[in-house]
Amino acid sequence: MSALTVSAEDEKKLKGQGFLNNKGTDNFSARVITINGKVTAEQIRHVAEAAEKFGNGIVTFTTRLTMEVQGIPYENIEDFKAFLAEKGMTTGGTGKKVRPVVSCKGTTCHFGLIDTFDLSEEIHHRFYEGYRSVVLPHKFKIAVGGCPNNCVKPDLNDIGIIGQCVPTVDKEKCRGCKKCAVMAACPVHANAVTDGKMEFDRERCKQCGRCVGKCYFDAVTAEKRGYKVYVGGRWGKDVAQGKALGRIFTEKEDVLAIVEKAILLFREQGKDGERFSQTVERIGFENVEAQLFGDEILSRKEQILSDN
C-alpha cells in the first residue's frame, strides 16, 4: 500500500503509536521503546528478528535511546506490534506527552555518583507510562546523568537530573602538602592550597566528587551527596540551557516529586505549542522554582489532569 493511499487521519494515528512514514516510500519506521536505553540480549534478538520478518532488516537508534525498525509496510504494522508484545515490548515515544527517559550509564561508570538506571527506570514507569494518557502543550523530555560530565546533556532537557557530590575540607587535618593529591584529582582546578590550607572555589567546583577520598590525611570528604535538577532546557532549532534549582536534593523521592510537579505545572500553565523552556521564560524562573519547591500544585493534581 502506498503512503499516499493512507489517509492523513490514519497516518496521524500511526505516528501517535510510534510509526513514522519513511520519506519517499510506502513504509514506516517503528520506534521500539526501551527503559533508559537498557535492553536484554533476548529483546535485542527479538527486535532483530522483527526487523527481518516485518521490515527491511535495519535497526537504528534514536537520540532518546529507543530502537527504530525501518521499512515496515503499512499492512505489516499490526503483526509487528503483536510480535513485539511477545517479549513485553511496545512502540511509542511520540506526541505532546512525556517522552522516553534517557540515562547515562552512571550506575556502572566509574564517575557515576547516583544509580542512574534505578532512578530513570522509576521515572519511566511513573511518568512515561503513568502519564501516557496526559496530553501536554508539547513534548516533555527528561534525562538522568550520573555526574557533571553531562554525557546525556541533562541541562538541555525539559527536566535534567545530575548526580552531585559536594566536597568539604577539614582544615585541622589539612597539612598543606606541596604535592597535593586533591589538587591533582580536580579536573577543573577548583581548589588550591593557600596559606598552608586547602581552599575550594565554590563557583568553579562542579561537585563531581573526584577529589573526595584523595587526601592522604582524610582532610577532604563529602559534605553532601545527591541530585541537582535543571528545568527548562531544550535543544533543536532554538537551544535553551536549563537553569538549576537552588538546592541539592538528597532524597530520590524529592526528585521524583519535582518531576511530577514540573509536568503538572506545564500541563496547567503552558500554552499549546510551546516548550517547557518557553513556559519557564514566560512566567519566570523564580515563579517556577517557588511552585516546584512548594506542594500547592499537587493539591490541584486531580483537577489539572481532568481539565481538557
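**Val98 and the cores**

Modeller: Let's start with one residue. Skipping neighbours within four places in sequence, Val98 is in contact with Phe127, Tyr128, Tyr131, Arg132, Leu136, Phe140, Ile142 and Ile263. Contact here means heavy atoms within 4.5 Å. This is a predicted model, where local features need pLDDT of at least 70, side-chain atom pairs count only at pLDDT 80 or more, and totals for chains, interfaces and linings use all residues. Residues are numbered from 1 along each chain as its sequence is written, and side-chain values use heavy atoms, with hydrogens and water left out.

Biologist: Where is the place of Val98?

Modeller: Val98 is in the loop between helix 3 (77–85) and strand 5 (102–103). Helices (H or I, at least four residues) and strands (E, at least two) are DSSP runs, numbered from the N terminus.

Biologist: Is Val98 buried or exposed?

Modeller: Val98 counts as buried because its relative accessibility is 2%. Buried means under 20% relative accessible area, exposed means over 50%, and partly exposed is in between, using a 1.4 Å probe and protein chains only.

Biologist: Which residues have the most contacts inside the largest nonpolar core?

Modeller: They are Ile123, Phe140, Ile159, Ile161 and Val229, in a core of 37 residues. A nonpolar core is a set of buried Ala, Val, Leu, Ile, Met, Phe, Trp, Tyr and Cys residues joined through side-chain atoms within 4.5 Å.

Biologist: Which elements give two or more residues to this core?

Modeller: Among them are helix 4 (116–129), strand 7 (159–169), strand 10 (220–231) and helix 6 (252–269). Helix 6 gives the most to this core, with nine residues.

Biologist: What is Ile123 in contact with?

Modeller: Leaving out neighbours within four places in sequence, Ile123 is in contact with Val101, Tyr128, Ile142, Val144, Ile161 and Leu256. Apart from this core lies another, of 17 residues, including Val47, Phe80, Leu84 and Met89.

Biologist: Why would such side chains be found together?

Modeller: In soluble globular proteins, nonpolar side chains tend to be buried together.

Biologist: New topic. What order do the strands have in the open sheet of four strands?

Modeller: The order is 1-2-4-3, with antiparallel pairing. Two strands pair if DSSP finds at least two bridges between them. The edge strands are strand 1 (19–21) and strand 3 (59–61), and each pairs on one side only. The twist averages 30° from one strand to the next.

Biologist: How many bridges do strand 2 and strand 4 pair over?

Modeller: Strand 2 (residues 27–32) and strand 4 (residues 67–73) pair over five bridges, in the antiparallel sense. Phe28 stands opposite Ile72 in strand 4.

Biologist: Which strands does helix 2 lie across?

Modeller: Helix 2 (residues 41–54) lies across strand 2, strand 3 and strand 4. Helix 2 runs at about 20° to strand 4. For such angles, axes are lines fitted to C-alpha atoms, for helices over the stretch in contact, and angles run from 0 to 180 degrees between N-to-C directions.

Biologist: On to rings. How many aromatic pairs does a search of the whole structure find?

Modeller: The search finds nine. Rings of Phe, Tyr and Trp (its six-membered ring) pair if their centres lie within 6.5 Å; planes under 30 degrees apart count as stacked, over 60 as edge-to-face and the rest as tilted. Phe19 and Phe80 form an edge-to-face pair, 6.1 Å centre to centre with 80° between the planes. This pair links distant parts of the chain, with Phe19 in strand 1 and Phe80 in helix 3, 61 residues apart. Phe19 and Phe80 are buried.

Biologist: And what about Phe140 and Phe266?

Modeller: Phe140 and Phe266 form a tilted pair, 5.8 Å centre to centre, with 35° between the planes. Phe140 is in the loop between helix 4 and strand 6, Phe266 is in helix 6, and they are 126 residues apart. Phe140 is buried, at a relative accessible area of 0%. Phe266 is buried too, with a relative accessible area of 0%.

Biologist: Last one. Where does the charged end of Arg247 sit?

Modeller: The charged end of Arg247 sits over the ring of Phe293, 3.8 Å from its centre. A charge sits over a ring if NZ of Lys or CZ of Arg is within 6 Å of the ring centre and within 35 degrees of the ring normal.
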